Amino acid sequence: MSVSTVKLKINGVEVTVPEGTMILKAAKDNGTIIPTLCNLEGLTSYGGCRLCLVEISGSPKLFPACSTPVSAGMEVTTESDRLKEYRKMTVQLLLSERTHICSVCVANDQCELQSLANQLGVDHVMFERQWTNDEIDSTHDFLVIDRNRCILCTRCIRVCDEIEGVHTLDLKLRGKDAQVIMDLDDHWVNSCSCTSCRKCAKVCPVGAIYIEGEPVFHTKNKDIAEFILARRNRKWRQ
Amino acid sequence: METVEKTKLATIWLSGCSGCHMSFLDQDELLIDLAKKVQLVYSPIVDVKIFPENVDVTLVEGAVANEEQLSLLKQARAQTKILVSLGDCAVTGNVTALRNAWSDSDQAVLEKAYVETSDEKALIPMAVPKLLKKVHSLHEVVKVDYFIPGCPPSAALINYVLTELLAGRTPNMEGRSKYG
């Protein structure tokens, strides 16, 4: 079976990828990493964090690389001063939206948001910070959610729905008030659908969902992506 | 002997744990080189009580949590050419600013510390500077020229920034600094 392919240019380099591939994946497979916080291979694209915005020549608009499919002859730019400015701004907005204090966070040094801020040289937040005081739900036997650290990437919700297949987690409300909830906005301990599979904690890019008493470097697991892909493509069936 | 005009350096300790100053001192033998280039005119580690005029570089550790700190910071800003936020408390508010998540936190923290958890006679101290309603990072109240995040920032990073500033260059924090 042959797969039809598409030729495009990423940062001036011609690459060939299967039709329908998203720009983010096409770039990654050809050695160009585009920053993202909400995307995780194997889960559906969400396009929520806006960090993967790229330029496509011929359009003044910016496109989210995680949810824009490639097309023939496309010329994509993944790094520019303009993109960097926007990415820095996005990281600052994420940091300002809730109570993000790295020094007292379980995910300190293991956090994708923190690491991105460092890489981009975000040395301060120019926006007024919101100091949220949302409930920390530690009623579950070992899973904890601190919503003050949540960046609403929805990786946990997608992994719970698409891979574990139970859809315990979901979002309530909108904008800055949005919250990750369990079942019908109940405490975690009361959830009758949660299988305690820990996938939510594994994929959380920050310190919002974690396992009590377990170091975060132990929990966070990039291999989950491989596992997710294997499940999705049913690799074990040959 | 010919004397070279030294750069006037000041350091201030506001609401922080002094960890950033410890990190500053952790520059170890590099401090000897630094001492050849700068004159420390005001700092918790020198015995000067009043913030001097015409300071070249001021490093400020800690967030702004009370009225005295606010006035000292404003004075420092007015009398300094280059003001640097040193460490996460100065840059983000850090642990000090966690009280911002509660309204009326200025009263609440005093109640907690001096009444609720008091072993002996509960008494809120009155003869100390008044707490501000909210804890502020430095750039919320004055203009800040450079930022050195970190809890604490490493000695190497502090040394890098000072070296660049003393040489008249702009430090580049990309990939160098780290929150937390």
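## Basis of the model

Because the model is predicted, local features require pLDDT of at least 70 and side-chain atom pairs count only at pLDDT 80 or more, while totals for chains, interfaces and linings use all residues. Residues are numbered from 1 along each chain as its sequence is written, and chains are lettered from A and ligands numbered from 1 in the order in which they are written.

## Chain A: dimensions and domains

Chain A contains 7 helices and 10 strands; these are DSSP runs, H or I of at least four residues for helices and E of at least two for strands, numbered from the N terminus. Along the principal axes, the C-alpha atoms of chain A fill a box of roughly 55 × 50 × 30 Å. Of the 238 residues in chain A, 39% are buried. A residue is buried if 20 or more other C-beta atoms lie within 10 Å of its own, exposed if 12 or fewer, and partly exposed in between, with C-beta atoms placed from the backbone.

Chain A is divided into domain 1 (5-79) and domain 2 (85-237), with bounds that come from an automatic or database domain assignment. The centres of the two domains of chain A, taken over C-alpha atoms, are separated by 24 Å. In this chain, 14 residues of domain 1 are in contact with 20 residues of domain 2, where contact requires C-beta atoms, placed from the backbone, to lie within 7 Å. On the domain 1 side, the touching residues comprise 9 nonpolar, 3 polar and 2 charged. Here Ala, Val, Leu, Ile, Met, Phe, Trp, Tyr, Cys and Pro count as nonpolar, Asp, Glu, Lys and Arg as charged, and the others, Gly among them, as polar. Among contacts in chain A between residues at least 6 apart in sequence, 61% join residues at least 24 apart.

Helix 2 of chain A (residues 81-97) has 17 residues, which at 1.5 Å a residue should span 24 Å; its end C-alpha atoms are 24 Å apart, which agrees. The expected span is 1.5 Å times one less than the number of residues. The buried residues of this helix are Arg87(A), Val91(A), Leu94(A) and Leu95(A). They cover an arc of only 100 degrees around the axis, so they lie on the same side of helix 2 of chain A; the arc is that of the directions from the helix axis to the C-beta atoms. These buried residues pack against helix 3 (112-120) of chain A, whereas the face turned away from the buried side carries the exposed residues Asp81(A), Arg82(A) and Glu85(A).

Glu55(A) is located in strand 3 (residues 53-56) of chain A. With 18 C-beta neighbours inside 10 Å, Glu55(A) counts as partly exposed. Leaving aside residues up to four places away in sequence, Glu55(A) touches Leu62(A), Thr77(A), Ser80(A) and Leu83(A). The C-alpha atoms of Glu55(A) and Ser80(A) are 8.6 Å apart, and the two residues are 25 residues apart along the chain.

## Chain B: dimensions and order of elements

Chain B has 7 helices and 7 strands, following the pattern β-α-α-β-β-β-α-β-α-α-β-α-β-α along the sequence. For its 180 residues, a compact globule would have a radius of gyration near 16 Å; chain B has 18 Å, which agrees. The C-alpha trace of chain B spans about 60 × 35 × 30 Å along its principal axes. Buried residues account for 36% of the 180 residues of chain B. Of the contacts in chain B with a separation of 6 or more, 80% involve residues 24 or more positions apart.

The 12 residues of helix 7 of chain B (residues 155-166) should span 16 Å at 1.5 Å a residue, and the end C-alpha atoms are 16 Å apart, which agrees. Its buried residues are Leu157(B), Ile158(B), Val161(B), Leu162(B) and Leu165(B). Seen down the axis of helix 7 of chain B, these fall within an arc of 130 degrees, so they line one face of the helix. The elements covering them include helix 1 (19-25), helix 2 (30-37) and strand 3 (55-61) of chain B. Gly168(B), whose phi is positive, near 80 degrees, follows helix 7 of chain B.

Val38(B) lies in strand 2 (residues 38-42) of chain B and touches Lys6(B), Thr7(B) and Leu9(B), not counting residues up to four places away in sequence.

## Interface between the chains

Between the chains, 19 residues of chain A are in contact with 22 residues of chain B.

Definitions and conventions
Two residues are in contact if their C-beta atoms, placed from the backbone, lie within 7 Å. The radius of gyration is taken over C-alpha atoms; the globule rule is 2.2 Å times the number of residues to the power 0.38.
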